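Good morning. I will go through one model today, starting with the ligand and then moving to the sheet.

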Amino acid sequence: MIKILDARFVTTAVEPKGYPTSLAPEVAFVGRSNVGKSSMINALTGRRKLVRVSNTPGRTRTLNFFDVDVERGTKRHTVRFADLPGYGFAKVSKSERSEWQKMITAYLEKRRDLKVVVSIIDAEVGPTPDDFQTLDYLQESNRQIMVVATKIDRLPKARRKPRLQALAEELSLPREAVIAFSATEKLGFDEVWDALLNTLTA
Ligand SMILES: Nc1nc2c(ncn2[C@@H]2O[C@H](COP(=O)(O)OP(=O)(O)OP(=O)(O)O)[C@@H](O)[C@H]2O)c(=O)[nH]1
Ligand SMILES: [Mg+2]
């Protein structure tokens with residue numbers, strides 16, 4: 001039902017004056033370093049190498065923008081994705097960490113085009129204090145939030161449903177508000193796209 005027509009890199013930015021000019025509603029992917037943000041963008045665009053991913057936390061160090069043309073039913077949409085550096089990466093200096101923090105919060109606070117923030121949680125690890133802090137911050141900023149639990153493939157099938165239920169409870173969300181995802185097993189593609197397009201076209 002969901003078909004990706006095209007996906008392309010737009011630009012890299014570190015501060016507001018480098019953000020691309022408005023074109024389409026924007027979706028930002030936030031989460032811990034190494035949680036799988038860039039992999040999720042690759043999976044959602046059906047391009048294995050659109051964004052660089054890595055085993056080493058701290059791979060993404062700037063804001064990276066991508067445009068995606070997507071078709072659902074007979075309707076075509078263009079959506080802009082913003083891949084953000086992860087938070088909670090310990091192996092950088094304090095000053096570097098605060099630079100990252102500034103880069104991310106400047107974007108989340110000021111970006112007008114930003115319509116949905118996808119908060120990515122590791123399904124196995126569960127929400128960390130950093131995740132809770134970010135979710136609180138986003139709620140206070142009145143941002144539209146979508147929670148996606150990724151790396152669900154790492155859990156045996158029988159444990160997935162109870163795990164998602166527990167995650168939803170921890171986050172004080174209804175069960176259906178937490179979408180299960182796996183970049184490696186390609187799970188959750190339709191669910192995430194449907195939720196995104198439903199929100200963006202509401
Ligand atoms: N098993 C499994 N591994 C995944 C999944 N998604 C990502 N990974 C792995 O997790 C690691 C980190 O992935 P990235 O997509 O680079 O993570 P990121 O959140 O963009 O990381 P930073 O840019 O450092 O913040 C890589 O080794 C990926 O292959 C998934 O759904 N399942
Ligand atoms: Mg990344």
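In what follows, Ala, Val, Leu, Ile, Met, Phe, Trp, Tyr, Cys and Pro count as nonpolar, Asp, Glu, Lys and Arg as charged, and the others, Gly among them, as polar. This is a predicted model, in which local features need pLDDT of at least 70 and side-chain atom pairs count only at pLDDT 80 or more, while totals for chains, interfaces and linings use all residues. Residues are numbered from 1 along each chain as its sequence is written, and chains are lettered from A and ligands numbered from 1 in the order in which they are written.

First, the ligand. Ligand 1 is surrounded by 24 residues, where near means that the C-beta atom, placed from the backbone, lies within 6 Å. The closest are Gly36, Ser38, Ser39, Thr60 and Gly86. By type, the shell holds 14 polar, 5 nonpolar and 5 charged residues.

Now the sheet. Strands here are DSSP runs (E, at least two residues), helices likewise (H or I, at least four), both numbered from the N terminus. The sheet is open, with 7 strands in the order E1-E3-E4-E2-E5-E6-E7 and mixed pairing; two strands pair if DSSP finds at least two bridges between them. Its edge strands are E1 (2-13) and E7 (178-180), each pairing on one side only. E6 (residues 145-150) runs parallel to E7, joined to it by 3 bridges. In that pair, alanine 149 stands opposite alanine 180.

Last, which residue with a positive phi follows H4? That is serine 172, with phi near 55°.
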